[in-house]
Amino acid sequence: MATEIMIKHKESGIMETGVYGYSWTYLFFGPFVPLFRGEILYALLHLIFNGFTAYIFSIINSFYYNKQYMTRKLTSGWELAGSDIENKKAKSVLLIA
């Protein structure tokens, strides 16, 4: 199941809610998830992959999408902004040192 955690942009201080864990949303809505999160290139790639694999890509990627999304966010200027316990749990799931 997906778990929410607050993330903060280092430079601007903008706060957002990030998620990690299994993505039921991606399972049901597939390429629309990256599209609604503003990742147009990833949405197009996922749409193509779904077309070639008859939606099997979405079934498999629902296990990985939230982790990939959070990793992209955390490597592009965002940081975890939850409590120490929440941050520790998120780091262990996301495999961040």
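Mentor: Let's begin with a term: a salt bridge is a side-chain nitrogen of Lys or Arg within 4 Å of a carboxyl oxygen of Asp or Glu. Our model is predicted, so local features need pLDDT of at least 70 and side-chain atom pairs pLDDT 80 or more, while totals for chains, interfaces and linings use all residues. Residues are numbered from 1 along each chain as its sequence is written, and side-chain values use heavy atoms, leaving out hydrogens and water.

Trainee: Which residue forms a salt bridge with Arg-72?

Mentor: A search of the whole structure gives 2 salt bridges. In the one with Arg-72, the closest N and O atoms are 2.9 Å apart. Arg-72 belongs to helix 5 (65–74), and its partner, 33 residues away, lies in the loop between helix 2 and helix 3 (40–53). That partner is Glu-39.

Trainee: Are Arg-72 and Glu-39 buried or exposed?

Mentor: Here we use relative accessible area: under 20% is buried, over 50% exposed, and in between partly exposed (1.4 Å probe, protein chains only). By that scale, Arg-72 and Glu-39 are both buried.

In the other bridge, Glu-16 and Lys-73 meet at 3.3 Å, N to O.

Trainee: How many residues apart in sequence are Glu-16 and Lys-73?

Mentor: Helices (H or I, at least four residues) and strands (E, at least two) are DSSP runs, numbered from the N terminus. Glu-16 is partly exposed at 29%, whereas Lys-73 is buried at 14%. Since Glu-16 is in strand 2 and Lys-73 in helix 5, their bridge ties together parts whose separation in sequence is 57 residues.

Trainee: Why are the buried residues of helix 6 on the same side?

Mentor: The buried residues of helix 6 (residues 84–94) are Asn-87, Ala-90 and Leu-94. They are on the same side because the arc they cover, taken from the helix axis to the C-beta atoms, is only 65 degrees.

Trainee: Which residues are exposed on the other side of helix 6?

Mentor: The buried residues pack, with heavy atoms within 4.5 Å, against strand 1 (3–9), strand 2 (15–20), helix 5 and strand 3 (78–80). Exposed on the other side are Asp-84, Ile-85 and Lys-88.

Trainee: What is the angle between the ring planes of Trp-24 and Phe-28?

Mentor: Rings of Phe, Tyr and Trp (its six-membered ring) pair if their centres lie within 6.5 Å; planes under 30 degrees apart are stacked, over 60 edge-to-face, and the rest tilted. Trp-24 and Phe-28 sit 4 residues apart in helix 1 (residues 24–29), about one helical turn. Their centres are 6.0 Å apart and the pair is stacked, with the planes at 20 degrees.

Trainee: Which residues share one aromatic cluster with Trp-24 and Phe-28?

Mentor: Trp-24 is partly exposed at 41%, and Phe-28 is exposed at 57%. Their cluster also includes Tyr-22 and Phe-63.
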